[in-house]
Every structure is written in C-alpha cells, then in structure tokens.
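Have a look at the model first.

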Amino acid sequence: MKKKLLLGDEAIAQGALDAGISGVYAYPGTPSTEITEYIQGSPLAIERNVHRKWCTNEKTAMEAALGMSFMGKRALVCMKHVGMNVCADPFVNSGMTGTNGGIVVLAADDPSMHSSQDEQDSRFYGKFAMVPTFEPSSQQEAYDMMAEAFDYSERVCLPVLMRVTTRMAHSRAVVQLKDEARPMNELNYNAVAANWVLLPANARRRNDHVTAQQAQLEEEAAASAYNALIEGTDHTLGIIASGIAYNYVCECFPEGCQFPILKVSRYPLPKKMVRTLADMCHTLLIVEEGQPFIEEQVRGILNTGVQIHGRLTGELPRTGELNPDAVRLALGIPVKQGYAACEDVVGRPPALCQGCGHRDVYAALNEVLREYDNPRVFGDIGCYTLGFLPPYRAIHSCVDMGASITMAKGAADAGQWPAVAVIGDSTFTHSGMTGLLDAVNENADITVIISDNLTTAMTGGQDSAGTNKFEAICRGLGVDEAHLKVVVPLPKNMPEITQVIRDEINYHGVSVIIPRRECMQTLQRHLKQKKAKEAKK
C-alpha cells in the first residue's frame, strides 16, 4: 500500500477520489478549501474527468450534488461550517429525498473563529436532518471513512455528513492509501420519483421512513469500528471523546490511559455504549471540539447519579478550540509552563495588501463620506472586511455573505441616507444578486460598490463566478445604465473615483459602482506563470 504525507483536507479528497466520486461541488471557505483544490490538481480526477469546478455558492453545490446522486453517481459536497447555513434548505430536504448515488457532505468547522463569524457546530445539522454523521479523529480515519461513508450512503439511501475541524483539516500525518481507486458508478435510472418529488403526501411518507431508520442508524454506529469502548483500570472516571479531541486525550497519557474511554467518531450517538460506560464509572468527562453536542445528549440519556463534566460545567472552556493542555487541566494533570511571550514582539493585525485595489476604494469612499452627516457603510464577507481596521475604519457592519446590500436597503427603508453597501465580486454572485433585485424593485436609495478584484481572494485566489459578467448581471437585474459605473481603483484616478461616488450617492435611487483591478496576489502569480511560459519558448 502507498503512503503519503497529507493534510486532513487532502486525505479527505484522496479518500473521495479512491471511493469513486464523479464530482466535487464546493464554494471556497477556510478550512475546507484545500479539499477541492487537491481534487482539481489530481491526475486521477483529470483522467476520469471528475467534475471539479467551483460553484457559485453552497446551496447550488448541494443541489448539483443531488442531481448527480439522482443519476446514480457519487458526489462530494464541501464547505466551511457557515456554508451549511447557506445550503441548509437542500441539505435538510436531502434527508427526505434520500440518495441514489452516494453523497457525502463535508463540513469543516472553525472553533476559535480563525477565519469565521461564529463557532457553530455542524453536528447539529446532522441530527436535525436525521442523517448519519462521521467525525474522524485522525487523517487516516478521514481517508478511510470516505469509502465507508459513500458505501453507507448508498446502502441506507441517505446522505452522510462528515464533520472536521480546523486542526484536523490543516494538520499533516502519514496516510496509507489503497492500491487502486474504486471505479466510478455507472449512470442509472433507479431514482424513484415519488421519493424525490417532495409534495406533502410523498414527504410525509418519507419522513415516517427516515424517522423509523434512526434506530438502525444508531445500532450500526455502535457496531462501527470508529466507535469504541476502550477499557481502563481506574473506574473513578470515564471519558467520552469525539473526533480530534480523542487525540488530545491520548496525548495526556503517553503511557496509556488508565481510565475507560468511549471514542465517538460516528453518530447518531451510541446511547447503549454511553450507558455501559456510565454504569462502570462514578464520573464522566466529555471531551469534544465545538459545542457541547454530546454532553447535552448524555445528560438526557442518563438518569443515574453519575456526575457529568465538560464544557457546560467549566472543566473545559466553553468557547474556542481545545488543546492537550486544556484537557490536562480538566483531568487534574499538571501543565508544563511554556516560554513567556517576548515583550519586544509587536502585534501584527491583518491588513489589506500593499497595492490592493480595496485600499483605493476605501480611501476614496472615506474622502467623500466626510461631506455627509452620519453616513453608514454596510460591509460584507471577504478580505475587504479589513476596511473596518485602521487606517480606514470604513465599514459599520459585516454579518454574512451578501448582507451588505440588503442591510443597506433596510437602513434606507428606515430613513438612513447615505446608505452604502460594499461587497466583493465573488460574494456578490454568491449571495448579493437577490438583495440587489430587491433594491431595484423598490428603487431603494442606496449606493452599491462591487469591489471587483477578479478572483475569490480571501481563500487563495480561486475563480470568481461572475468575472467579466457584472455589468450584464446588474443590467439584467434592472439597474439603470446611467447609474452603473466602472472605475479603476488607482491613486492617479482618485479625482474621478471620488466624483463618481459623490454623484451616485446624491442620486436618490439604486446606483452601482464597480471598481475593477486584479488582486495583487493573483496578479503576481499570473505574471510568474507568464514568465515561465515565455522562458520555455
């Protein structure tokens, strides 16, 4: 068998390829991005013509994967945790439709919010949709689980949710690979229309069926090799550890843990195994990355006098990522003190790149808005969110993908003027177009700035779905041609840009300004590629 040193994301991607996927559908989002990028560069994916282009957003990704499954083929859907909110409608309903070809939905959670708005735990989505959920505790498990997840999806005719966290996604380990990849499924017409047409009569029947499946799913989770009750000699404490948190527990006991451990990497939570552990121990410690998903369920399962400790009781921190030291403290094991922080090191908060076009947009916008009383600028998700920080301090809100335009409209509805929305090119096609249509339909008194750097910059420079289409999209949505302006954000163009912004703010209706200049990072990359090609000639 071959061995490779892989990120968790890369192990997931290779596992999906070796499981015979016909397509990956995703929108880039840290910490999930590398999965799709790995597949895009894979010789096997290229040879097999696996679908591997980025989708406009997570909802379209989930729906396209459902279409592939309908035709009998296997599809992987990838996103970060907040992307689950975007695809929630088709994801939850996919539990009702079921699957024909296997579907695995990969959600990469971001505890400690390294690059996110919140710490939500995607395991709740699996429970809510009544679909099986896998949570690998190592890169090897992440690789192996993909094949099992696709097989299981086809056997029980349900999608499978796989949940990882940042440390699993972005840490490396040696992974043993299979000798060869499974062939892709053949096209088939076995999907039953009565399951996929969710009229109330059909949906009620499917709801009864999926609800009845839960007992089977739980029994099979308990029998899975990924869930294990590991004996210990000291029964004063029992530990329930899930996913990567199991590794943190193991790190606390280099000579082996003396306490019994219930390792959980597959859900529904195996209640019988929980009760067995509780019967042999006086106290339980629940160690899980994210929210107290298992801990809350355990409190409902057990009616004995066993004490339950974890995030809810304060033995483990209620927010943020876990680490071995946090687990040691919960176990009463002394923690070694590390080196003190050097006082000479100055903090370096993130900042917009030197030469970035967003800088010129914010400089021009700030200059113009000084002329007005109480202007409000509604920002969005992207690297341009850094405009909140010094030296610009240019935006007043950033909530979710696409919220800038709709929040600006709502503020204008409330009587605010001027109300300005700043949104990036990829975010606009992801979730901003419908908000702009609402604004056009009511001729809202807002100015929308689509800051177009010709890429999805914040996640590494992936293709942007709307590149070279934004003027056409805005016209199609009904934006008045006279108030659709394109500028080039450069210092030398500052007089022109400020005048355009001023004119459009003073126009009492919907106006759109598109500052367009390529991201400095992708520009440098493209110049290097161009030089390399010329050198080969």
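This is a predicted model: local features need pLDDT of at least 70, side-chain atom pairs count only at pLDDT 80 or more; totals for chains, interfaces and linings use all residues.

Residues are numbered from 1 along each chain as its sequence is written, and side-chain values use heavy atoms, leaving out hydrogens and water.

**Exercise 1.** Find the largest pocket and say which helix gives the most to its lining.

*Solution.* 
- Start with the term: on a 1 Å grid over the protein atoms alone, a pocket is an open set of points with protein on both sides within 12 Å along at least five of seven lines, while a cavity is a set where a 1.4 Å probe fits but cannot get out; lining residues have an atom within 4 Å of a point.
- The largest pocket holds about 740 Å³, the volume being the space filled by probe spheres set on the points.
- Its lining has 40 residues, with Q117, I381, G382, M401 and M458 nearest the centre.
- Two elements, α5 (81-86) and α18 (425-441), each give two or more residues.
- α18 gives the most, with five.

**Exercise 2.** Now track down the largest cavity and the residues closest to its centre.

*Solution.* 
- There are three cavities of 30 Å³ or more.
- The largest has a volume of about 60 Å³.
- Of its 13 lining residues, G357, H358, D452, N453 and R517 are closest to the centre.
- Helix α16 (residues 357-369) is the top contributor, with three residues.

Definitions and conventions
Helices (H or I, at least four residues) and strands (E, at least two) are DSSP runs, numbered from the N terminus.
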